[in-house]
Amino acid sequence: MVTIRLTQQAALGDVRGDPIRIIAGIAGGIGFLGAGTIIQSSGHVRGITTAANIWLVGGLGVACGCGYYVLSTMLLGLALLVLVGLWYLERLMGRKRRGDDQ
């Protein structure tokens, strides 16, 4: 969404240079960091959620840096809702599994 808005502003002449290149550079760096957090050992993959959170924080940082504070706040609220909701669901499912084993 930020890239689309910046493209529209650049078309109107409100933005000097090419800010989309900055976002592309940030995306490359975030992808490198996210890939470094994913670890595979003994047939198990770990770090996927951490990598996804790195992408989330990078996107929020870009949106805040471009001045889209309302959009950033809404996305942060949605992300927290999803993360907390899935955490709760995971704990609930973990309890059911433990109960089935006994």
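Tutor: Let's start with threonine 50, which sits in helix H3. Helices here are DSSP runs of H or I with at least four residues, strands are runs of E with at least two, and both are numbered from the N terminus. By the way, this is a predicted model, where local features need pLDDT of at least 70 and side-chain atom pairs count only at pLDDT 80 or more, while totals for chains, interfaces and linings use all residues. Residues are numbered from 1 along each chain as its sequence is written, and side-chain values use heavy atoms, leaving out hydrogens and water.

Student: Why is threonine 50 called partly exposed?

Tutor: Buried means under 20% relative accessible area, exposed means over 50%, and partly exposed is in between (1.4 Å probe, protein chains only). Threonine 50 has a relative accessible area of 43%, so partly exposed is the label.

Student: And what makes serine 72 buried?

Tutor: Its relative accessible area is 5%, so serine 72 counts as buried. Serine 72 lies in helix H4, residues 69-101.

Student: Which residues does serine 72 touch?

Tutor: Leaving aside residues up to four places away in sequence, serine 72 touches Leu60, Ala63 and Cys64. Touching here is contact, meaning heavy atoms within 4.5 Å.

Student: How far is serine 72 from threonine 50?

Tutor: C-alpha to C-alpha, the two are 19 Å apart in space, and they are 22 residues apart in sequence.

Student: You mentioned Cys64. How do you know that cysteine 64 is in no disulfide?

Tutor: A disulfide is a covalent bond between the sulfur atoms of two cysteines. Here the test is a pair of cysteine sulfur atoms within 2.5 Å. The structure holds zero disulfides. For cysteine 64, the nearest cysteine sulfur belongs to cysteine 66 and is 9.5 Å away. Seen from cysteine 66, which is also in no disulfide, the nearest cysteine sulfur is that of cysteine 64.

Student: What are those two cysteines called in terms of exposure, and why?

Tutor: Cysteine 64 has a relative accessible area of 34%, so this residue is partly exposed. Cysteine 66, at 32%, is partly exposed for that reason too.

Student: What makes glutamate 90 exposed?

Tutor: Glutamate 90 is in helix H4, and its relative accessibility is 57%, so this glutamate counts as exposed.

Student: Now the helices. Why are H1 and H2 called roughly antiparallel?

Tutor: Helix H1 (residues 2-12) and helix H2 (residues 19-37) pack at about 160°, with axes 9 Å apart. Axes are lines fitted to C-alpha atoms, for helices over the stretch in contact, and angles run from 0 to 180 degrees between N-to-C directions. Under 35 degrees is roughly parallel, over 145 roughly antiparallel, 65 to 115 roughly perpendicular, and the rest oblique. H1 and H2 are therefore roughly antiparallel.

Student: Which residues meet where H1 packs on H2?

Tutor: From H1, Val2, Thr3, Leu6 and Thr7 meet Pro19, Ile20 and Ile23 of H2. By class, that contact has five nonpolar, two polar and no charged residues. Ala, Val, Leu, Ile, Met, Phe, Trp, Tyr, Cys and Pro count as nonpolar, Asp, Glu, Lys and Arg as charged, and the others, Gly among them, as polar.

Student: How do you know how H2 and H3 run relative to each other?

Tutor: H2 and helix H3 (residues 48-65) pack at an angle of about 160°, with their axes 8 Å apart. H2 and H3 are therefore roughly antiparallel to each other. In H2, residues including Ile23, Ile26 and Ile30 take part in the contact, and their partners in H3 include Thr50, Ile54 and Trp55. By class, the contact of H2 with H3 has nine nonpolar, five polar and no charged residues.
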